[in-house]
Amino acid sequence: MSELNNRYKLVKDYLRRQTRLKGYPCELVIEASNRCNLHCAICPRDRMSRALGDMDFSLFRKIIDEIKNKTEMVDLCFAGESLLHPEIFEMIKYSKDNGIKVFMQTNVTSLNKDVSHKLINSGLDLLVLSIDSTREDTYRLIRGGDFKQVIENAENFLKIKNQAGRRLPYTIAQMVYTIYNKDEAKDFLHIWKSKGADSVRIKYFNDRAGSVDRSFAGGHTERHKGFPCVRVWRGLAIFWDGRVVPCCFDYSGKYIVGDVKSERIAEVWNSPKMQELRKIHLSGIINNIELCRNCSGYKGNFIELIASVFVDSLNIRKLTPIWNQVR
């Protein structure tokens with residue numbers, strides 16, 4: 001099915017309040033790894049209650065084989081730093097060879113010159129550089145890593161990409177707006193635009209369905225935009241071990257809806273648990289689902305829903321710094 005036709009089916013089912021969907025998930029979050037080398041104050045990862053590991057390439061290949069010609073984009077990040085996966089470049093290549101666009105975020109700590117060249121040559125479509133600060137003391141409070149190394153890595157990556165005249169990966173420098181860095185937003189925008197990022201995003205703080213202290217917010221948080229949540233009509237998130245959750249806010253697996261080691265994604269997509277979750281969202285009564293009850297994340301509105309039929313998942317990500325950004 002064409003991407004446009006699939007998106008149309010999903011939006012049509014959403015507007016008609018259907019729980020069994022005729023369309024296929026247009027995007028998937030696939031957790032290459034949930035290992036990470038940082039302990040960020042604004043990330044719920046350290047409070048996860050599940051084991052650490054890397055997705056086996058054979059499982060990744062099974063997923064891609066099932067979704068090719070159906071799903072338009074995969075996000076290879078979830079609760080970890082994907083560049084720590086020893087086969088991350090093979091994962092990107094396998095996805096691209098099967099016609100699937102690839103999005104990834106990185107904390108930049110592992111983005112040395114060698115990795116930069118490999119990423120630029122991998123076919124990766126979109127990369128977010130999570131930098132979050134213009135000052136070393138602020139960076140330590142938020143991420144606790146080596147600020148100077150992160151800045152050097154990001155600058156080198158952009159320099160290598162731009163000097164080579166490469167269009168991909170489209171690169172967004174990103175700062176999550178918090179109490180720590182809220183006075184740095186204008187400088188952050190100016191600095192990374194001048195250094196050659198394709199776009200710069202000052203992102204709304206999100207408490208990840210109540211799993212991060214909301215006191216970190218710098219006066220701006222991601223906004224509710226209607227109900228029911230569009231996420232459960234658009235995609236799924238898959239842990240490194242194959243278990244499936246409805247969205248990327250479920251770090252600990254509180255609402256497991258399937259397992260792709262033993263089930264096909266099409267089966268999970270319209271499983272009884274997913275249909276029940278959609279039914280609960282349509283009813284407006286979500287208090288008995290902890291994941292959704294505490295969520296302050298993006299929900300969408302009618303105009304954005306209609307636009308999502310005509311704009312593919314990759315370009316939605318590219319446009320996000322324009323329409324969903326702290327001003």
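Reader: Which residues make the nonpolar surface patch?
Author: L4, L15, I306 and F310 make a nonpolar surface patch of about 370 Å². Patch residues have over 30% relative accessible area (Shrake-Rupley method, 1.4 Å probe, only the protein chains shown count as cover for residues). Nonpolar side chains (Val, Leu, Ile, Met, Phe, Trp, Tyr) are joined within 5 Å, like charges within 9 Å.
Reader: Where do the numbers come from?
Author: This is a predicted model: local features need pLDDT of at least 70, side-chain atom pairs count only at pLDDT 80 or more, and totals for chains, interfaces and linings use all residues. Residues are numbered from 1 along each chain as its sequence is written, and side-chain values use heavy atoms, leaving out hydrogens and water.
Reader: Which elements give two or more residues to the patch?
Author: α1 (3–15) and α11 (302–310) do. Helices (H or I, at least four residues) and strands (E, at least two) are DSSP runs, numbered from the N terminus.
Reader: New topic. Which residues does the cis peptide bond join?
Author: L168 and P169, with omega about -5 degrees. P169 sits in the loop between α6 (147–163) and β5 (170–176).
Reader: And what is the phi of N69?
Author: N69 has a positive phi of about 70 degrees, though it is not a glycine. Its loop runs between α2 (57–67) and β2 (73–75).
Reader: Why point these out?
Author: Because most residues other than glycine have a negative phi, and most peptide bonds are trans.

Terms used: Salt bridge = Lys/Arg side-chain N within 4 Å of Asp/Glu carboxyl O.
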